[in-house]
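Biologist: Let's go through this structure together. Show me how to read its features, one at a time.
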Amino acid sequence: MQKHSLAQPGVETLPSRRHVQFCLVVSAGLSVYVLGYLLWFLGSPLGRYPLLDSAENLTLARQIAEGTLAPIPFFRAMLYPATLSIFLRLGVGVDWLPVVAGLFGCLCHLVSTCFVYRIARRGWASPRAGLWAAILFGFNPVAVYFAAEPLDTTFGLCLFLAGLNLLHSRWALLRKASSLNAGERKRLYLDLAAAGALWALAMLARPHYAMVLAGITLLLAARLWRVPRIMVPSAGALMLTAACLLCLAGLWQQRVTGEFRIMPTQGAYSLWAGNRPGANGRYFEQKIHLPAGETSEGDNPARIESHVLYQRETGNTNATTTQAEMDYWRQRTVDSIRANPVTWLGLMAKKVYFALNDFEQYNNKTYAVQKALSPVLKPNPLGWGVTLVLCAAGLVAMWRPDRRFRGGFLTAAVAALYAAGAVLFFVSDRFRLPLLPFLCVGAGCWGLASFHRVRQLVTARVVPVGATILAVAAIAFSRGFGVYDLSPAVQDYVALSIACGKAGNDLESLEWARKALASRPDHADALACAVNGFFNCKLRGVDPGGVFSDETWDLQVTRVAQIPQPLPGIRLVKSVALWKTGRPEEARSTLRALSQVVPASTNAGKTSATDDALGVLLLTGLQEPGDEADARSRGGDTGSFYLLAALARNEDPAHPLIPPGRRELVAQLTPFVRQIFP
């Protein structure tokens, strides 16, 4: 008797022992692959010293654990930082939190892969289809890339897929809701309540799931409208549970800030930024330049920009409520769309194209740049475009009138709801990632048949399959409307330069800054990083000129002159460079101006521009008579190693100037200072 090579439509087959063994092998391989990338990432500069959103999440986690959150409305979703804070409360050190966050993210990715397997297996009624979908998602380099980062992306996606899996498992049961007995109805309500809780948590981790949570009630109503006695308690169980969790989040924010608020305040300005005239349609683009180092680590530049632009556009420089600011940006968005509806529709059309295209758009980092740096991700051919082509071609090749994906309406509707929300805001890599599991589930249909049978089907339908591949590939791999935009890569190079500087790899920091300047010679942050990298190399006794022949003190003066608003630390380097190049009067003038800068903090132990400038004045011999007295008065509480080193040179045993508790620090720093100030 001839064996069937296709899974029977609508009948889920039990996995064979061979399938189970293969699943175990795939699980082990995926675990090794994910952990391999995590180890590489944690050894990289950005893994050891997270920046931007990653740094903000870690800072918020520490503040939550310590109970030191600022009493201002939450600008970003807080569930992920709150979850990380649990590890701190359990005794994990702050320095180890990036490692723990990476392990937690990788675990979430593995769990998400299991949910993708379950949805595809149940929907296609085929264990092999589930395995294909799981492989496509689990080994997708974009998903793995985000799993290692201290970001809410993978965590939120895991919660979202958990809720979707639960809903999908009960969706077929809703068709026969009228015949359910009391026990089955109770189990249905409990499962729907659990799904509502999971999606509420997903929304608290990533607010972009709000549209899906709001829309699921309509989907339930569409499914159960003929059975109102089941529809009302079903929708009620889901929404009541979700509402309870959202209210708890609102009460927590009220306790911290004094305002009951569920959603973070970032959404209003993000809506404007994603739809304003001139928006690129791909990613959030800063309109105000905030020099690297001007903001505290963990500050959100978008919050600062939103507030500054609000004050600038309204002329209201007095204290304003967060609600007034949010209302302003929402109204600006509505007014802009009403004024130019055709232009806005064109922007939405471009966003749809960007969302379907293979290129992963910039979001704090450029995926194409980061993938090229990783020996784990670089050789991986999987990606959005490949998965999209496999999904579309598979659905055409495997189509049969009697075969349907169980729960297809639910999965398609949920995907459409989320996609609409993403297109309304941004379609950058982090925003698009939650749509990837849907493509993987669709592409799992290739597992419905054996390789021999697949070849027969494709051959028999070569025209429709070929046309589908060409049409979808033309969208996914084309480069229209500037979709293949690598211009933000300069931000990656700057971030790498900053991270290398934090790690003490100053020559590497200078190298990344030079690479950024090769892309954008006038980039202010790249110029500042190059100046810092050069100076720190000199402090360590490393000659950058031996590696880069054009690296000189004169070049640093030229670089600082190109920076519109150099920070005090950069101006300090300029003064040293002027002194080194034989321009003492210019150096003295620069240092004198710096010494008049009001310190950002007057707390003991805080380094200030004033103390640094005072110390360098003494070290270079450019001081005036009153400077030495000022230096002695500051010696007890200064954190400036320049000032401490200068005082150490001028003290004698009878008149010590360095406090006993700081002598060891001065002894450690003196060799570095001598490299520049012999």
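Modeller: Start with a pair of helices. The axes of α25 and helix α32 (residues 663-676) come within 7 Å and cross at roughly 115°. Keep in mind that this is a predicted model.

Biologist: Are α25 and α32 roughly parallel or roughly perpendicular?

Modeller: The angle decides. From 65 to 115 degrees counts as roughly perpendicular. So α25 and α32 are roughly perpendicular to each other.

Biologist: Which residues of α25 and α32 meet?

Modeller: From α25 come F535, K538 and L539. From α32 come F672, Q675 and I676. By class, the residues of this contact are four nonpolar, one polar and one charged.

Biologist: Give me another helix pair. At what angle do α23 and α25 pack?

Modeller: Helix α23 (residues 489-503) packs on helix α25 (residues 524-539) at an angle of about 30°. Their axes are 10 Å apart. Angles under 35 degrees count as roughly parallel. Therefore α23 and α25 are roughly parallel to each other. Their crossing is left-handed.

Biologist: Which residues make the contact of α23 and α25?

Modeller: On α23, V494, S497 and I498. On α25, D525, A526 and C529. These divide into four nonpolar, one polar and one charged.

Biologist: Now step back. How many helices and strands are there in the protein?

Modeller: There are 32 helices and zero strands. The C-alpha trace spans about 100 × 55 × 55 Å along its principal axes.

Biologist: How many residues are in the protein, and what share of them is buried?

Modeller: The protein has 678 residues, and 51% of them are buried. Look at the contacts as well. Take those with a separation of 6 or more: residues 24 or more positions apart account for 75% of them.

Biologist: Next, aromatic rings. How do I read a pair?

Modeller: Check two values: the distance between ring centres and the angle between planes. Planes over 60 degrees apart count as edge-to-face. The count here comes to 31 aromatic pairs. One of them is F534 with W553, which is edge-to-face, at 5.0 Å centre to centre and 85° between the planes.

Biologist: Where in the chain do F534 and W553 sit?

Modeller: F534 is in helix α25, and W553 is in helix α26 (residues 553-562). The two are 19 residues apart, and the pair links distant parts of the chain. Both F534 and W553 are buried.

Biologist: Which residues form an aromatic cluster?

Modeller: One cluster is formed by Y269, W272, F284, Y310, Y328, W329, F426 and F431.

Biologist: On to backbone angles. Which residues other than glycine have a positive phi?

Modeller: Take two cases. Phi of A125 is near 55°. Phi of F481 is also near 55°. A125 sits in the loop between α5 (97-124) and α6 (127-138). F481 sits in the loop between α22 (462-476) and α23.

Biologist: Are A125 and F481 buried or exposed?

Modeller: Read the relative accessibility. Buried means under 20%, and exposed means over 50%. A125 is at 1%, so A125 counts as buried. F481 has a relative accessible area of 58%, so F481 is exposed.

Biologist: Let me apply that to single residues. Is S54 buried or exposed?

Modeller: S54 lies in helix α3 (residues 52-66). Its relative accessibility is 6%, so S54 counts as buried. Beyond its neighbours within four places in sequence, S54 is in contact with E149, P150 and L151.

Biologist: And G67, buried or exposed?

Modeller: G67 is in the loop between α3 and α4 (79-89). Its relative accessibility is 64%, so G67 counts as exposed.

Biologist: How do I compare distance along the chain with distance in space?

Modeller: Put the two values side by side. G67 and V256 are 189 residues apart in sequence, and 9.1 Å apart C-alpha to C-alpha. S595 and L60 are 535 residues apart along the chain, with their C-alpha atoms separated by 34 Å.

Biologist: Where is S595, and what does S595 touch?

Modeller: S595 is in helix α28 (residues 584-595). At 14% relative accessibility, S595 counts as buried. Leaving out residues up to four places away in sequence, S595 touches T610 and A613.

Note on methods. Residues are numbered from 1 along each chain as its sequence is written. This is a predicted model: local features need pLDDT of at least 70, side-chain atom pairs count only at pLDDT 80 or more; totals for chains, interfaces and linings use all residues. Side-chain values use heavy atoms; hydrogens and water are left out. Axes are lines fitted to C-alpha atoms, for helices over the stretch in contact, and angles run from 0 to 180 degrees between N-to-C directions. Helices (H or I, at least four residues) and strands (E, at least two) are DSSP runs, numbered from the N terminus. Angles under 35 degrees count as roughly parallel, over 145 as roughly antiparallel, 65 to 115 as roughly perpendicular and the rest as oblique. A crossing is left-handed if the near helix is turned anticlockwise from the far one by less than a right angle, and right-handed if clockwise. Contact means heavy atoms within 4.5 Å. Ala, Val, Leu, Ile, Met, Phe, Trp, Tyr, Cys and Pro count as nonpolar, Asp, Glu, Lys and Arg as charged, and the others, Gly among them, as polar. Rings of Phe, Tyr and Trp (its six-membered ring) pair if their centres lie within 6.5 Å; planes under 30 degrees apart count as stacked, over 60 as edge-to-face and the rest as tilted. Buried means under 20% relative accessible area, exposed over 50%, partly exposed in between (1.4 Å probe, protein chains only).
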